[in-house]
Amino acid sequence: SLQDTASPRTVTLAVFAAKRALLVMFLCNHCPYVVHVRREITQLARDYLPKRVGIVAISSNSVRTHPQDGPGPMGQLARELGWEFPYAFDATQDVARAFNAVCTPEFYLFDDGRRLVYRGQLDGSRPKNDTPVTGRDLRAALDALLAGKPVDESQTPSVGCNIKWAS
């Protein structure tokens, strides 16, 4: 269980039991790759939360080296962006290790049986390329899953900032 930084909610798998899918996102406040896609993450959540997709964002960065990625700034950012999903802090970094998460942003999509069906990028946009931020790759996986179709197994890994591990 993790504490949501923008509300008094405690986040556990049980919270998402009735959801058709579960999207777990590893994010942080400072990473330019995350900053680049935050608006699309906000819109994606607005589009898919009503479709009974559970969504949770997690920051696992060390606050010793990156205090801007700690619970206080995380909660403030989530409130500013109007995120209606939990933005939880992984203080022990155990959750990131369990997922084998390596960077931010990184996206994991699970079906209703909580089997991993997608691990990859939001889309091909990067802070210094001209590709628009659309969420194309993740949206295609979500749409396929919700339509009862197989999710394309050709998945592009995320690119971003490394998770800042505590020593």
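Modeller: Happy to! The largest cavity holds about 80 Å³ of space. A cavity here is a set of points on a 1 Å grid over the protein atoms alone where a 1.4 Å probe fits but cannot get out; grid points are joined across faces, edges and corners, and a volume is the space filled by probe spheres set on the points. By this rule there is one cavity of 30 Å³ or more. Its lining (residues with an atom within 4 Å of a point) is made up of Y33, V37, P105, F107, Q121, L122, D123, S125, R126, S158 and V159. Six of these are nonpolar, three polar and two charged, where Ala, Val, Leu, Ile, Met, Phe, Trp, Tyr, Cys and Pro count as nonpolar, Asp, Glu, Lys and Arg as charged, and the others, Gly among them, as polar.

Please keep in mind that this is a predicted model, in which local features need pLDDT of at least 70 and side-chain atom pairs count only at pLDDT 80 or more, while totals for chains, interfaces and linings use all residues. Residues are numbered from 1 along each chain as its sequence is written, and side-chain values use heavy atoms, with hydrogens and water left out.

Now to the pockets, which are open sets with protein on both sides within 12 Å along at least five of seven lines. The largest pocket has a volume of about 300 Å³. It is lined by 15 residues, with T12, L13, I58, V95 and F99 closest to its centre. Strands β3 and β4 and helix α3 (94-99) each supply at least two lining residues; helices (H or I, at least four residues) and strands (E, at least two) are DSSP runs, numbered from the N terminus. The lining divides into 12 nonpolar, two polar and one charged residue.

The second largest pocket contains about 160 Å³, and Y118, D137, A140, A141, V151, D152, S154, Q155 and T156 line it. Four are nonpolar, three polar and two charged. Helix α4 gives the most to this lining, with three residues.

That helix deserves a visit of its own. Eight of the 11 residues of α4 (residues 136-146) are buried, so the helix is largely enclosed by the rest of the structure; buried means under 20% relative accessible area (1.4 Å probe, protein chains only). They are D137, L138, R139, A141, L142, A144, L145 and L146. These buried residues pack against β3 (21-26), α1 (32-48), β4 (53-59), β7 (106-110) and β8 (116-120), contact being heavy atoms within 4.5 Å. Just after α4, G148 takes a positive phi of about 75°.

Terms used:
Buried means under 20% relative accessible area, exposed over 50%, partly exposed in between (1.4 Å probe, protein chains only).
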